[in-house]
Amino acid sequence: LRYFNFQDIFQAKEEDFSRAVMASVLAVFNLEMRTNPGARIILICDETPFFIEHSFDFFKTSSANVRKFCGGVILVSQTSQHLIREGDTALIENAQHRMLFSADGSLTDFQERFRLRDQDMRLLSSLRFSSRKFSEFVYQNEERGKAMRLELSSEEYWRVTSSQSDRSKLTNLIQAIPGLSTEEAIRCLSVKAGPF
């Protein structure tokens, strides 16, 4: 897995900067695929709306062609609208596997966009979430949906949280104790927090 989080790249609105970043990602991804022939490499791009806006063709081509080389592309987006440019829904159509945590915009448009059945929409509207414990989602594969649950251990939570206050706790702990690694800080916070 190769994970790129674009959350803190504030210059993404600048088209030239956005294209340069995507060229770098493409170079890294292609190098990984060439140096590991036959390996299944998955490119995960998180918080990508501005990059998709400026580099839509890169994402479209990559998501369509990467399977030929035993790889995959996962795009993480807050809304499905972030995956569409000028009416082109190729990024959604190219995704064989989709994890839907909620619907956005017009429910009718959303249902058509993802080719969801009425029962899938009912599943989507019944999803539950419990902070630090679990998130339910609809997993869609070959136009069939299934409700699933993503559960996090305490350590997993601290490793992936996007909560500003919890990220600050982690950063402050690392800064307060010289030589403390991120992994050690995560273990400390996990034990302190106890089971969720």
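A polar contact is a pair of N or O atoms within 3.5 Å; within protein, one must be able to donate a hydrogen and the other to accept it, and residues adjacent in sequence count only if both atoms are side-chain atoms. Here, the side chain of Asp120 reaches the backbone nitrogen of Gly145 at 3.4 Å. This is a predicted model, where local features need pLDDT of at least 70 and side-chain atom pairs pLDDT 80 or more, while totals for chains, interfaces and linings use all residues. Residues are numbered from 1 along each chain as its sequence is written, and side-chain values use heavy atoms, leaving out hydrogens and water.

Asp120 sits in helix α6, residues 118-125 (helices are DSSP runs of H or I, at least four residues, and strands runs of E, at least two, numbered from the N terminus). Asp120 counts as buried because its relative accessibility is 0% (buried is under 20% relative accessible area, exposed over 50%, partly exposed in between, with a 1.4 Å probe and protein chains only).

Now turn to α5, where Phe110, Arg113 and Phe114 are buried. Viewed down the axis of α5, its buried residues fall within an arc of 80°, so they line one face of the helix; the arc is that of the directions from the helix axis to the C-beta atoms. An α-helix has 3.6 residues a turn, so residues three or four places apart point the same way. After α5 comes Arg115, with a positive phi near 55°.

Finally, look at the loop between β4 (97-100) and α5 (107-114), which holds Phe101. Phe101 counts as partly exposed because its relative accessibility is 41%.
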